[in-house]
Amino acid sequence: MENLKKRTFFSLLLALSVFMAACASEPTGNEGESTGDGEGTSENEGSEGGDLIISLASDAVSLDLHKSNDTYSSNVASNIYETLVYHDKDLNLKEGLAESFEQLDENTWEFKLREGIKFHDDSDFNAEVVKANLDRILDPEVASQRAFLYDMVEEVKVVDDYTVHIVTEYPFAPLPAHLAHTGGGMMSAEKIAEDYEAMENGEEPGSVLNNEPTGTGYFEFESWAPGNEIKLTKNENYWGDPAKVDSVTFRVVPEDGTRIADLNTGAAHIADPLSPSDVSQIEATDGMHVDSTESVAMMYIGFNSQKEPFDDPNVRKALSMAINKDSIIQGIYDGHGLEAKSPLAPKVYGYSEDIDVIEYDPEEAKALLEEAGYGEGELSITFNTSDHRERQNIAENVQQALTEIGVNVSIEMEEWASFLESTANGEQEMFVLSWSTVTGDGDYGLFPLFHESQFGSAGNRTFTDNAELNELLMSARQNEDQEARLGQYEEAQNIIANEAIVYPLFHEDYLLGVSDSVEGLWQHPTRRLMLQDVTLN
């Protein structure tokens with residue numbers, strides 16, 4: 001840093017800003033240095049080479065970084081593309097494709113880029129590439145699902161071949177954390193140009209980039225049979241420490257039991273995800289084990305504040321008080337989760353122990369309902385859930401809990417895509433959903449969920465519009481004073497609790513079934529599989 005003030009600011013920023021895709025790639029550091037953080041590297045006993053086979057519950061939506069925002073796409077893409085900065089296993093920001101970065105003024109960030117890095121198509125990584133990627137993600141014609149991550153960016157200036165300035169419309173403290181998101185990954189500028197050319201010829205955005213995903217990562221794209229499998233191969237010319245296996249095959253295996261059977265027969269090395277209900281089976285079977293990672297995701301009960309009676313905070317609070325978090329964590333997830341005090345997990349920047357919590361109290365719940373004008377049996381509600389096994393179990397648990405305080409509950413279950421559409425459209429009353437703070441910063445964990453500008457698919461499915469909360473969340477994302485930001489997020493979380501806007505249940509553990517032949521694997525708190533150092537015995 002050029003002066004003490006900037007050095008102090010970035011020491012705080014690097015210590016406090018953390019990352020969720022939903023999802024940065026885990027690039028290496030300088031040539032010959034590993035950023036594996038000791039996870040499976042030094043004690044790796046497997047031999048190099050071979051094809052690592054991973055059974056995934058769902059296929060990727062798109063390998064064009066700007067045309068998807070789901071976990072499975074990110075898990076594949078993060079092995080192809082890299083970001084300017086990334087988060088290590090403790091969610092500390094590290095330099096990736098950028099060798100350094102600093103804030104020049106309240107609205108301008110400078111990134112110095114590493115030199116000599118090549119894309120898989122042998123094109124150069126440089127400042128023009130950064131500009132091409134950020135310009136495209138913000139292009140309305142592309143209509144990126146991840147544009148919200150960078151909609152504060154006003155201009156990207158190329159200073160020289162390896163220096164870029166990112167100018168924001170207003171001060172935006174979490175910008176580096178947002179650039180660590182998978183959506184901030186760098187795609188070949190030549191492929192971006194080809195994609196625009198295809199658009200001019202009537203093709204949909206992403207027609208080239210989805211079929212020819214080209215990054216700088218330690219794996220490169222080989223093939224994709226939609227609905228079946230995606231195959232990546234080792235990048236032999238990788239600028240840092242190369243991958244150790246020859247290839248990775250992501251196979252689509254929707255059924256939980258089939259993924260486990262594939263592990264047992266050796267047809268796969270990793271089953272992702274593993275249901276908590278199946279942990280005991282894995283643990284009792286020779287040749288495989290469970291990998292568990294504390295996540296930055298929150299499972300929560302949401303209330304549509306635009307519908308009666310959920311527009312009454314006392315009703316929301318009463319329903320929350322009747323739900324026993326521990327019975328859900330222990331009874332449905334077999335203890336594989338941490339009770340949530342707020343929407344932010346403990347590893348997330350902005351988390352605080354000094355926040356209000358709605359405690360389990362069925363008798364007080366009854367009293368609050370009576371105060372709100374609902375006697376025993378006088379309130380009937382619909383509880384919406386997706387077809388995910390554990391979430392259906394949560395719905396049944398909540399139904400039973402609310403029945404005990406005199407509330408009639410009917411469960412409406414929808415398949416995943418339909419559930420997302422209906423909740424985005426505000427058709428739900430009370431629902432169960434999760435949110436992962438994939439940037440590791442409180443802005444991502446709170447702003448999309450609770451700011452009035454984010455109604456619907458952007459994240460605010462409770463349709464909350466609280467003037468005090470709106471002001472706090474907007475101010476916090478613009479505040480350069482890191483201590484002040486922490487105070488604002490603490491205040492915001494207390495408003496969320498006191499108004500019972502949502503009822504945070506728990507921060508789930510990310511579970512994998514893993515063959516004992518796999519060495520060097522670890523899972524990021526944002527749910528990405530870290531495969532650079534994996535070997536097979």
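In which handedness of crossing does α14 pass α15? To follow the answer in the viewer, keep in mind that this is a predicted model, in which local features need pLDDT of at least 70, side-chain atom pairs count only at pLDDT 80 or more, and totals for chains, interfaces and linings use all residues. Residues are numbered from 1 along each chain as its sequence is written, and side-chain values use heavy atoms, with hydrogens and water left out.

Select residues 467-478, helix α14, and residues 482-498, helix α15, which pack at an angle of about 155° with their axes 9 Å apart; helices here are DSSP runs of H or I with at least four residues, and strands are runs of E with at least two, numbered from the N terminus. Axes are lines fitted to C-alpha atoms, for helices over the stretch in contact, with angles from 0 to 180 degrees between N-to-C directions. That angle makes α14 roughly antiparallel to α15, a term for angles over 145 degrees. The crossing of α14 with α15 is left-handed, that is, the near helix is turned anticlockwise from the far one by less than a right angle.

Next, select the strands of the open sheet, whose order is β4-β5-β7-β6 with antiparallel pairing, where two strands pair if DSSP finds at least two bridges between them. β4 (98-105) and β6 (153-160) stand at the edges, each with a single partner strand, so one side of each is left without a neighbour in the sheet. Between β4 and β5 (residues 108-113) there are six bridges in the antiparallel sense, and Glu102 has Glu110 in β5 as its bridge partner.

Notes
Parallel < 35°, antiparallel > 145°, perpendicular 65-115°, else oblique.
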